[in-house]
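The following note concerns the pockets and the aromatic contacts of the model shown here. Please read the points against the coordinates.

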Amino acid sequence: MKNTSKTIIFFGSGPVAAESLNFLASRFDIEAVITKPQPAHHKQSFPVIDIANKYELTAHYPTSKQHLSQLFKEIKFTSPVGLVVDYGFIIGKDVIDSFSLGIVNSHFSLLPQWRGADPISFSILSGQAKTGVSLMVIEEGLDTGKLITQKVVKIEADDTTPSLTTKLTEVSNELLQNYLPKYITGDIKPHNQPHPSRATHSRKLIKADGLIDWHKTAQQIEREIRAFIDWPRSYTKLAGKEVIITKAHITDASGPVGKAVISGNSLVIYTGEQALAIDKLKPSGKPEMTAQAFLAGYKRLLV
């Protein structure tokens, strides 16, 4: 007989979803996995599909919000609750209402802070000292649902989106293991998000976000480099060549905005306030290298 306090349907598609599913598969009875279909041109399967296959879980691959609704009309699932982690599709009210306890979402911010598509990047961009994980019962509004629990995570000065994602994923798994069963059994009652009028909103990043605007402060550009390290990446032109800057630190210098200079063994670029000393970068078509290695090949084009 199933332990109904740990029977769920899992919705997820991205790499965070795969890590969560791998953690939860041995701790919950997963009736089904709902994930995006693998595009035909992809030779390798998606991580969530690999994990579902690893644990021999039943998987479904709806291609749209409408297709997802049709799936839930055709199949009468018995789990009392759904769980969304890094899914990527909007879930309709009809699907939410098909669960007696609704659908829980693990959202990587301290709601109502950074509702929306990319809370991790925006927490770094904003320069805040902490973020966290919120377990929320979803509703039709964007990340406006009631909270089951939250946990704070410190943002270190050198955190990037990938490093912060790793920490938040671990916290998410811990919260799901400890609190989701209590929600299912009714031992925890969700509560409204505090101060909804103070909500902030993130958005999906686009390629153009990565183009460095040297008129910004060195502090803001350094945050962008850490936030955009995976996508859209922080890019500019140096020595006539497009480069992606992958690591830099602030230095107290000033000069013509956007001008790159060589200071000792360092490559420094002036910004709207202070300057950035470049630590690592990736020229187009080349592997990532130190600024010193870049100067060894391109110094004559900078002077």
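1. In this predicted model, the lining of the second largest pocket consists of A157, D158, T160, E222, I225, R226, I229, T246, K247 and A248. Two elements, α7 (218-227) and β11 (241-251), each give two or more residues to this lining. The volume of the second largest pocket is about 180 Å³. Its lining divides by class into four nonpolar, two polar and four charged residues.

2. The largest pocket holds about 1700 Å³ of space. It is lined by 46 residues, of which D86, Y87, G88, G116 and A117 are the closest to its centre. At least two lining residues come from each of α1 (15-24), α4 (93-97), β5 (103-107), α5 (119-125) and α6 (161-184); α6 gives the most, with five residues. By class, 21 of the lining residues are nonpolar, 14 are polar and eleven are charged.

3. Eight aromatic pairs are found in the whole structure. One of them joins Y87 and F89: the ring centres are 5.6 Å apart and the planes stand at 90 degrees, over the 60 that the edge-to-face class requires, so the pair is edge-to-face. Ring pairs also link F11, F72, F77, Y87, F89 and F99 into a cluster.

4. Is Y87 buried or exposed? Y87 has 3% relative accessibility and, because this is under 20%, counts as buried. F89, with a relative accessible area of 25%, is partly exposed.

5. Two lysines lie over aromatic faces: K36 is 5.1 Å from the ring centre of F89, and K6 is 5.8 Å from that of F28.

Methods
Residues are numbered from 1 along each chain as its sequence is written. This is a predicted model: local features need pLDDT of at least 70, side-chain atom pairs count only at pLDDT 80 or more; totals for chains, interfaces and linings use all residues. Side-chain values use heavy atoms; hydrogens and water are left out. On a 1 Å grid over the protein atoms alone, a cavity is a set of points where a 1.4 Å probe fits but cannot get out, and a pocket is an open set with protein on both sides within 12 Å along at least five of seven lines; lining residues have an atom within 4 Å of a point. Grid points are joined across faces, edges and corners, and a volume is the space filled by probe spheres set on the points. Helices (H or I, at least four residues) and strands (E, at least two) are DSSP runs, numbered from the N terminus. Ala, Val, Leu, Ile, Met, Phe, Trp, Tyr, Cys and Pro count as nonpolar, Asp, Glu, Lys and Arg as charged, and the others, Gly among them, as polar. Rings of Phe, Tyr and Trp (its six-membered ring) pair if their centres lie within 6.5 Å; planes under 30 degrees apart count as stacked, over 60 as edge-to-face and the rest as tilted. Buried means under 20% relative accessible area, exposed over 50%, partly exposed in between (1.4 Å probe, protein chains only). A charge sits over a ring if NZ of Lys or CZ of Arg is within 6 Å of the ring centre and within 35 degrees of the ring normal.
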